[in-house]
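Work through the exercises below with the sequence and the model side by side, and try each task before reading its solution.

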Amino acid sequence: IARVTTINVDIGNEPNIFGVSDPIQRMFNLGFMGAITTTILGSIAWQLVAGSFPIAFLSNPIVYIFLQAALFLEATGICSAAWFL
């Protein structure tokens, strides 16, 4: 994901994006910013859908199975599986 969402600017030969300095451009070239951005957007998307359409989201059979499995694991006391939800 990081390679798809990163910008690889040849430092010294091409202008830096947004006019940032060379050390900051080197950090942008690593791809961490793209990976963090896609991780945040990917995790918040399900929460927004569940918050907007709770009945439709919970009536999905796959979501129901995961919910039941997480609540069962929570009830056993092995770990706090509900935190994953």
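This is a predicted model: local features need pLDDT of at least 70, side-chain atom pairs count only at pLDDT 80 or more; totals for chains, interfaces and linings use all residues.

Residues are numbered from 1 along each chain as its sequence is written, and side-chain values use heavy atoms, with hydrogens and water left out.

**Exercise 1.** Describe the secondary structure and the confidence of the protein chain.

Solution. Begin with the elements, which are DSSP runs numbered from the N terminus (helices: H or I, at least four residues; strands: E, at least two): the chain has four helices and zero strands, in the order α-α-α-α. Next take pLDDT, the predictor's confidence in each residue from 0 to 100; the chain averages 80, and 89% of the residues score at least 70.

**Exercise 2.** State how much of the protein chain is buried and what its exposed area consists of.

Solution. Of the 85 residues, 15% count as buried, that is, under 20% relative accessible area with a 1.4 Å probe and protein chains only. The chain exposes about 6,700 Å², of which carbon and sulfur atoms supply 72%.

**Exercise 3.** Locate the residues of the nonpolar surface patch.

Solution. The patch, of about 420 Å², is made by L30, F32, I36 and I40. Residue L30 lies in helix α1 (residues 22-30), whereas α2 contributes the largest share, three residues.

How values were computed: Patches are made of residues with over 30% relative accessible area and no salt bridge: like charges are joined within 9 Å, nonpolar side chains (Val, Leu, Ile, Met, Phe, Trp, Tyr) within 5 Å. Accessible areas come from the Shrake-Rupley method with a 1.4 Å probe; for residues, only the protein chains shown count as cover. A salt bridge is a side-chain nitrogen of Lys or Arg within 4 Å of a carboxyl oxygen of Asp or Glu. Buried means under 20% relative accessible area, exposed over 50%, partly exposed in between (1.4 Å probe, protein chains only).
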